[in-house]
Amino acid sequence: MLKKLISKTKSKKKKEAASSSLPTLDRLHETLEMLEKKERLLQKKSSAEIEKAKDYTKAKNKNAAIQCLKKKKLYETQIEQLSNFQLRVHDQIIMLENAKATTDTVDALRSGSSAVKAIQQSLSIDDIENAIEEANEHTENMKQIQDALATPFGASAEFDEDELEAELEDLEEEELDLELPEPPRGTRVAPSASAASSSRLAASDFAELTKLQAEMAI
């Protein structure tokens, strides 16, 4: 119980520190902008004193020219101080932005870890196995239903597949016979070469037999 309270207190302090970093960054940027404005103003004053010193030198007023150069030195000293201040502020801004980025990253990682932990706690191996088993059971039941619907019943279940195949072949043969072209009516079919040759051979044999009979009669 004490550990939980301590961890809650620490996380609360971290959140407060992270939330206070934004106003701090804003204030640092405002300070930096103010220092830059002052530096630009002093640079203008320094340049003006240089111009005055030139004018006094032309007028042969040596003392006044020296006074202008002294003011210029003072301005330059202040400008150098402001430059150092700006560097310090820049350093603080960079450190604070890095710290904020680190804090945001850690918070994001912590949130992601908590979300994963919550998901894991809401699931268990038994739940996953039960879900897979139910899905497989539903799939098997659906397959059995589809097989039952695909099985022929009634009069269609008594058909002989072989007989139907034979009947289909007869129909295909009839279709082929109908597709063959018939010879035109009133036309004689020319005898084939083999038939003509056979007729010539038969006539020659008959002539020889007649000649042989005539010789025997003499």
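Start by selecting Lys 60, which sits in the loop between H1 and H2; helices here are DSSP runs of H or I with at least four residues, numbered from the N terminus. Lys 60 is exposed, at 75% relative accessible area (exposed is over 50%, buried under 20%, partly exposed in between, with a 1.4 Å probe and protein chains only). Check its backbone too: phi is positive, about 65°, although Lys 60 is not a glycine. Most residues other than glycine have a negative phi.

A word on what you're looking at: this is a predicted model, where local features need pLDDT of at least 70, side-chain atom pairs count only at pLDDT 80 or more, and totals for chains, interfaces and linings use all residues. Residues are numbered from 1 along each chain as its sequence is written, and side-chain values use heavy atoms, leaving out hydrogens and water.

Next, pick Asn 61, which caps the N-terminal end of H2 with a side-chain oxygen 3.4 Å from the backbone nitrogen of Ala 64.

Now go along H2 to Lys 72. Is it buried or exposed? Lys 72 counts as buried because its relative accessibility is 12%. Show its contacts (heavy atoms within 4.5 Å): beyond neighbours within four places in sequence, they are Ser 46, Glu 49 and Ile 50.

Finish with the largest nonpolar core, 10 residues including Leu 28, Tyr 75, Val 89 and Ile 93; such a core is a set of buried Ala, Val, Leu, Ile, Met, Phe, Trp, Tyr and Cys residues joined through side-chain atoms within 4.5 Å. H1 (2-58) and H2 (62-122) each supply at least two of its residues.

Terms used
A polar contact is a pair of N or O atoms within 3.5 Å; within protein, one must be able to donate a hydrogen and the other to accept it, and residues adjacent in sequence count only if both atoms are side-chain atoms.
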